[in-house]
Amino acid sequence: MAESHGSSSSSSSNIPSKRAKISIDHVPENGANIQEPAAPVFVRKLRKAAVGTGCDIRLRVSVLGHPTPSLAWYCNDELLSPSEAQDSGGLWIRDCRTNDAGLYTCVATNELGEARCSARSCQRGDL
């Protein structure tokens, strides 16, 4: 029997397909992770919170995207100035007062898009 060599109809498992894909566990030689560009998406959204006067609360979020999204926080549609109380995991509201109640919104942005989520924070008894 004659074997065919280099035939395009060969079904040999040694010949890679025309559209070879990188496996999930493949790591480039320089050790960098391969990430596909992606618009931001919240995997943990804000939840409503009821707090007492003088309490500390943390509004938590978790967002994915590549490049890494930047976060902006709003209370009642007013931009909160960046502070040490903000990080990639959420926003701390320390020593809550009545005027801290309202609609909080987190906006995640990167060059591919934007995502937002909102939740209401109320003083206990206002829910």
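So, Ala49: its bridge partner in strand 10 is Ser121. Strands here are DSSP runs of E, at least two residues, numbered from the N terminus. This is a predicted model, so to speak: local features need pLDDT of at least 70, side-chain atom pairs count only at pLDDT 80 or more, and totals for chains, interfaces and linings use all residues. Residues are numbered from 1 along each chain as its sequence is written, and side-chain values use heavy atoms, with hydrogens and water left out.

Back to the sheet pairing. Strand 2, residues 49-51, runs parallel to strand 10, residues 113-123, over three bridges; two strands pair if DSSP finds at least two bridges between them. On strand 9, residues 102-110, the pairing with strand 10 is antiparallel, over nine bridges. Leu103 has Arg120 as its bridge partner in strand 10. And strands 9 and 10 make a hairpin, with two residues between them.

A pocket is an open set of points on a 1 Å grid over the protein atoms alone, where a 1.4 Å probe fits, with protein on both sides within 12 Å along at least five of seven lines; lining residues have an atom within 4 Å of a point. Of its 14 lining residues, Leu80, Leu91, Trp92, Ile93 and Asp100 are closest to the centre. Strand 8, residues 90-93, gives the most to that lining, with three residues.

Definitions and conventions
Helices (H or I, at least four residues) and strands (E, at least two) are DSSP runs, numbered from the N terminus.
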